[in-house]
Amino acid sequence: MTESGHNDGTGLTELTPLSLARLAELDDTRLERVVERLVSACGAGDRLWQIGNSRQGTQG
Amino acid sequence: VNQPLSAADLSGLARGIVTPETVVRLNGAQLAKHQLLVETVRRRAAHTQPSATVATLTRAVELLAEIQGQYPAVVNELLALPQIGSWAISCLDRMRGGERLDAGYLARLAAVAAVRAGRKRDVPAAENGRTLFPGLGVQHGTRWTPIPRLRVRAGDLGLSVHLDATDPYLGMYGRRTRPNPPEWRDRLTGAWRVLVHRHRPAAQALAVGLKTLVPLAEPMSGPPLSAASGWAYGAVAASLPADSLILAEILVHEFQHLTLGAVEDLVALTRADDKRLWYAPWRDDPRPLSALLQGCYAFLGITEFWRAERNSGPPEHSRGAEAAFARWRRATLEAAQTLHDADGLTVTGRTFAAGIRERLEPWMAEKVSADAERYAARVCAEHRARWDRTNANAGVSRASARR
């Protein structure tokens, strides 16, 4: 996966093949590390993308 | 089925090229994210929630895991619902605030899985009052109201989505309205025809990735509203536009956000500690770098949309499309330049900023009428001047002042 070589990866890629049952076996530290990266990298409160007036003029 | 994103996927995504195969892999990563968040909710709840809540959650997760072992497609489809991500994030927020979380919601999701898997013994007895079953419908006493599903088709390509005005975890976009499904079906049919016949790659991506439409109340005036959330992959919220073409544009725009959001879940694109704010040519307020990148990606899709629209319909349609193309290619390139100069992107984020510019450059060289070019220059300049007046003291980063 493209994450290798950089430290940009959140760690989600490595968990992608796991089922819920397998995920339950994951140690707390690893699970929390990925979740923290997901939430902090994106910012929990700022992931809502809204448009009201920016489409004005779109049709020329 | 759950395959990770490849280097080729990411290289295409950086330039805004989204194949159905890439979307399938993003879908898989989003399912993994939802599973991870659900499991995190279960674990954190054990330390913070009353024992009854913990027991409900644990039973629900165990039941889902058990059914997933036998019928993975049933449980995967349910866990991938957009609202499962926003439910889990809401639980994490509530726990941080010392509040009680909504464990019954996951129990009802597990009940839906049990029904679908034919495990009647695991379906709880009907509750009094109104009970929502995620992705399925609402039980009110003996009355059952299913969540409407819209199925549309154009040529060889179909789209099937929920029209969900009910689920509490799809309420973050704004005020919802009780939809009129036939009206939505009509508008979506028209939008889908436009997408399949004139924007086939976007239609192919949407066919695989779009799961839910959330109907928003129409604004008192002005253009329709639309929104998407990085915690609800697969859902697009919109007020019903009068014109199918605008619904098509909304779907393209919002799906670009969802796509980049799904990438961001796998690879950080901006530095989390960068708190600077920037000018975005489509917003009245200063934006953080991550939001500027999101907007840039969405408007790359919109530029491509109007570029294709120039070659269809009657002359007045082509002229309008040409003006929109001229405006958004200019605005998007300006934002891409800001991203490039900002020094707040990760290595992968820089690949995306470069990819967006690489995609735009040949479009910048395409000839448009003098009227369209003048319109684009004037609208962009007016927006910037208005923005400068409004945000003169907003502490915006200096580099963003460049034209």
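Tutor: A crossing is left-handed if the near helix is turned anticlockwise from the far one by less than a right angle, and right-handed if clockwise. The model is predicted, so local features need pLDDT of at least 70 and side-chain atom pairs pLDDT 80 or more, while totals for chains, interfaces and linings use all residues; side-chain values use heavy atoms, without hydrogens or water. Residues are numbered from 1 along each chain as its sequence is written, with chains lettered from A and ligands numbered from 1 in the order written.

Student: How are H3(B) and H6(B) oriented to each other?

Tutor: Helices here are DSSP runs of H or I, at least four residues, numbered from the N terminus. H3 (residues 51-70) and H6 (residues 103-116) of chain B have axes 9 Å apart, at an angle of about 25 degrees; axes are lines fitted to C-alpha atoms over the stretch in contact, and angles run from 0 to 180 degrees between N-to-C directions. Angles under 35 degrees count as roughly parallel and 65 to 115 as roughly perpendicular. H3(B) and H6(B) are therefore roughly parallel.

Student: What is the orientation of H7(B) and H9(B)?

Tutor: Helix H7 (residues 181-198) and helix H9 (residues 244-266) of chain B cross at roughly 65 degrees, their axes coming within 8 Å. H7(B) passes H9(B) in a right-handed crossing. By orientation, H7(B) and H9(B) are therefore roughly perpendicular.

Student: At what angle do H2(B) and H3(B) cross?

Tutor: The crossing of H2(B) and H3(B) is left-handed. The axes of H2 (residues 20-48) of chain B and H3(B) come within 9 Å, and the angle is roughly 150 degrees.

Student: How many salt bridges does the rule find across the interface of chain A and chain B?

Tutor: Chain A and chain B bury about 4900 Å² between them (accessible area, 1.4 Å probe, lost on being put together and summed over both), 57% of it on carbon and sulfur atoms. A salt bridge (a Lys or Arg side-chain nitrogen within 4 Å of an Asp or Glu carboxyl oxygen) joins A:Glu32 and B:Arg44, whose closest N and O atoms are 2.6 Å apart. Across the interface, the number of salt bridges is five.

Definitions and conventions
Helices (H or I, at least four residues) and strands (E, at least two) are DSSP runs, numbered from the N terminus. Angles under 35 degrees count as roughly parallel, over 145 as roughly antiparallel, 65 to 115 as roughly perpendicular and the rest as oblique. Buried area is the accessible area (1.4 Å probe) that two parts lose on being put together, summed over both.
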